[in-house]
Amino acid sequence: MVCSKIFSGDLPEITSEIIQYFRDDFSTLLSCILVNRLWCRLTIPLLWENPFSLKYPKNHRYIEIYLHNLNENDKIQLNDYGINNDLFPLNTLFNYPSFIRYFDTHEIHYSLEKWVATVKKNKQPIDDTQNLVLIKLIYKSLIIIFIENEVNLHTFKVDYHCKYFDIISELVLQNPNFICNIRTLNLDFYEHDLKIVLTSFLDFLSSNCNSISSLSFLFSIYSHEKIVKKLSNIIYSQQNLKKITFNLNTLPLFHSFSSLKNPNYTSTLETIIFYNIDFENIIFSHEIFEKFNVLESIHVLYCLSLDSNFIQQMINLTKPFKLKSLFMDFLFEPMRSARLLLQKSGYYLENLGINLRYDLCSQEVFELITKCNIKIKFLEFHDFDDQTIYKIFQLIEKVELSLNYLTIMCHEDDPGIEELGSIILQTLGTILPSKLEYLNLILVFNMDDFEIFLKNSQNIFIKKLLIKSIKHGFREGQEKMNILPSIKKYIMKKRRVKYLACQDYFHFETEFIDDDQLISFEDEVKEFRSHNIIIRDYDDLFIDNFEFINKIKFWTFIIKSNTSRFNDPSCGTKIKFFEFRGRFDNQAIYKIFQLIANYLNIDIHEVNNDVEFDSILLQNLRQILPPKLEYLKLNRGQQQEQQEIEKFLPCIKEYIMKKKRTKYLAFRDCIYIYFPGDNLVYLKDKINDLNIDALDFVNKIISYGF
């Protein structure tokens, strides 16, 4: 009944919510527009909110849809440059320019270059004078079209590669409503010297754009003092800043970080990213961090001087320092700083990248990390030797339940690279988790060893598999894609991946050519496609760790300890799945009790070992649970020692096993618990076997509905 109503259009709000889940899945969205008029009307805005970001447009012809809105004078000008007006549609079903939400100067400029090259089909280089003038004209026309359609931009990105910043700045200053409501702002002017134009533009941003939730700067450390002050003004002027990125020592960090003293940020700032920052000689008080009440994650990527005063200040925090990401490529001295930092923050680590080859200190840091109680999701290793590779294997095994993204990269100059490749391929397939989102292997691939890896991992599904095969010497005389037969036999025919990228990397060659990649072989691409495997360009499928951190999305609905955020429980909503996470105080938990429905998942991982809180939770929960539950998960968030698990066993046996009150049970490391002679309680070896992920739950509802 519900499904028929969704398809017939009787439940437009629910239909809209369902379609939103396919926001980044263009192939599914294209199918949705064919269902009916309602689905088409709900889907088209998603398809057109950021078309310039498409990696695989056939010809960038969506630009012609936009240019349909040009006035006659502009069309005549384009005709003078060889752009035929017949390219533009006479009518369109939707006002497509009004749907744009993301404006990235680099992506738009790149798309325009490709489109001009396609429609002109001439041999003139794209950077000749005539084409540059043409692209500049179209660029300005597009911005004017967006402005005239009163678009509501969400993201605005400007980088120093943009040749037309003067146009952008002029039109933005003349039309303040164009970007005044943006939520994400990225400014990359590392090599820009338009000081006069830039200062006016920065003044505008601090005065008119005050609802930014995500902010990132990349400016030269030698930026003029006026620029530094104006950037600080932008930071301080925000009313709802949730994420900020400090990038490449772009400006004196002390000034920009001091701007976070804005009292609004105590209840808004959730994420701070430090990327390529040198913390040496940076002195500021940890008191700024102490004021951030909702700070959920700190990410440190390739920063220097982590033994500095800055890190000591973080160690001195009375609040948790939630270090979610740590990517290292440096000396970590003294080891005491590393030890103290990991002791304070190791529990929170989710993303880790480390250089293990040339840095003995990093090896010690690695050993410290393996001793932490961590749940790593993203692992990246490079520059290791035949000794440290076994430490990597140990960590992979330890985090198997949480691991989703893995990159192992050998350096082509390593003297023992062939031996390293063999060790990795012979061992890795036996320790990988049963399902991976992403695996990237950059190795020397011996055919026999590669077959061992494929056989050992034949029960593993990998959504995105990237293989870069390092080959010594030059292309001439070497077999192309020599590992392809094995890939077809063990991966293609068994459909073990969804996306695949494969590239030969010839060490002594100075340039890459198309034939180095599997995607250049059309017949092979079609064959893989017939097995529902999509071949991609290696660079397009590659996940950069910095971009990965910036794109982290929290898919679950989180209710935090601020009780004012709870909805009125008497609203009459019939909820089937509830998930509560975060820092719950004694007042907030009573609000949760009022909201409990058919599903319950309480994940309480930061309550500072409050025994009183545990008592309140358990004493009240037993009184309000419905008589029948499909699923109940209680996670205190602290690792239970074996003897602590055994303390609970008598109660579990007495009140659950003997009374046969559950069908499936997972209790931490259930593999240690044995119930003889009772087949009605099925024990699971790993708690993740029973865990219900919120996104998976919703996706299954959708798939069953279809």
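Analyst: Happy to; we can start with the overall picture and then look at single parts. One thing to keep in mind is that this is a predicted model.

User: Great. How many helices and strands are in the chain?

Analyst: The chain has 27 helices and 20 strands. It is 706 residues long, and 49% of those residues count as buried.

User: And what share of the contacts links residues 24 or more positions apart?

Analyst: Counting contacts with a separation of 6 or more, 75% are between residues 24 or more positions apart.

User: Okay, what about the nonpolar core? Which residues touch the most other members?

Analyst: The largest nonpolar core has 179 residues, and Phe156, Leu260, Phe274 and Phe289 touch the most other members. Helix 8, residues 129–148, gives the most to this core, with 10 residues.

User: Let's pick Phe156. What is it in contact with, leaving aside neighbours within four places in sequence?

Analyst: Phe156 is in contact with Phe103, Ile168, Val172, Ile179, Ile182, Thr184, Leu185, Asn186 and Phe201, once those neighbours are left aside.

User: Switching topic: how many disulfides does the structure hold?

Analyst: The count is zero.

User: Then what about Cys32, buried or exposed?

Analyst: Cys32 counts as buried because its relative accessible area is 6%, and the cut-off for buried is under 20%. Cys40 has a relative accessible area of 18%, so Cys40 is buried too.

User: Now helix 20. How many of its residues are buried?

Analyst: Seven of the nine residues in helix 20 are buried, so to speak "mostly covered". The buried ones are Leu484, Ser486, Ile487, Lys488, Tyr490, Ile491 and Met492.

User: What do those buried residues pack against?

Analyst: They pack against helix 19, strand 13, strand 14 (497–506) and helix 21 (522–530).

User: Which residues does Ser486 contact, leaving aside neighbours within four places?

Analyst: Its contacts are Met447, Phe450, Glu451, Leu454 and Ile491. Take Phe450: it is 36 residues from Ser486 in sequence, and their C-alpha atoms are 8.0 Å apart in space.

User: There's another serine I clicked on, Ser206. Where is Ser206 found?

Analyst: Ser206 is in helix 10, residues 195–208. Ser206 is buried because its relative accessible area is 16%. Leaving out residues up to four places away in sequence, Ser206 touches Asn233, Ile234 and Ser237.

User: Which residues line the largest cavity?

Analyst: The lining is made of Phe453, Leu454, Ser457, Ile462, Leu465, Ile491, Arg496 and Val497. By class, six are nonpolar, one is polar and one is charged.

User: Which elements each supply at least two residues of that lining?

Analyst: Helix 19 (447–456) and strand 13 (461–471) each do. Here is a link back to our serine: Leu454 and Ile491 are among the contacts of Ser486, and Leu454 and Ile491 are also among the residues lining the largest cavity.

Note on methods: Residues are numbered from 1 along each chain as its sequence is written. This is a predicted model: local features need pLDDT of at least 70, side-chain atom pairs count only at pLDDT 80 or more; totals for chains, interfaces and linings use all residues. Side-chain values use heavy atoms; hydrogens and water are left out. On a 1 Å grid over the protein atoms alone, a cavity is a set of points where a 1.4 Å probe fits but cannot get out, and a pocket is an open set with protein on both sides within 12 Å along at least five of seven lines; lining residues have an atom within 4 Å of a point. Helices (H or I, at least four residues) and strands (E, at least two) are DSSP runs, numbered from the N terminus. Ala, Val, Leu, Ile, Met, Phe, Trp, Tyr, Cys and Pro count as nonpolar, Asp, Glu, Lys and Arg as charged, and the others, Gly among them, as polar. Contact means heavy atoms within 4.5 Å. A nonpolar core is a set of buried Ala, Val, Leu, Ile, Met, Phe, Trp, Tyr and Cys residues joined through side-chain atoms within 4.5 Å. Buried means under 20% relative accessible area, exposed over 50%, partly exposed in between (1.4 Å probe, protein chains only). A disulfide is a pair of cysteine sulfur atoms within 2.5 Å.
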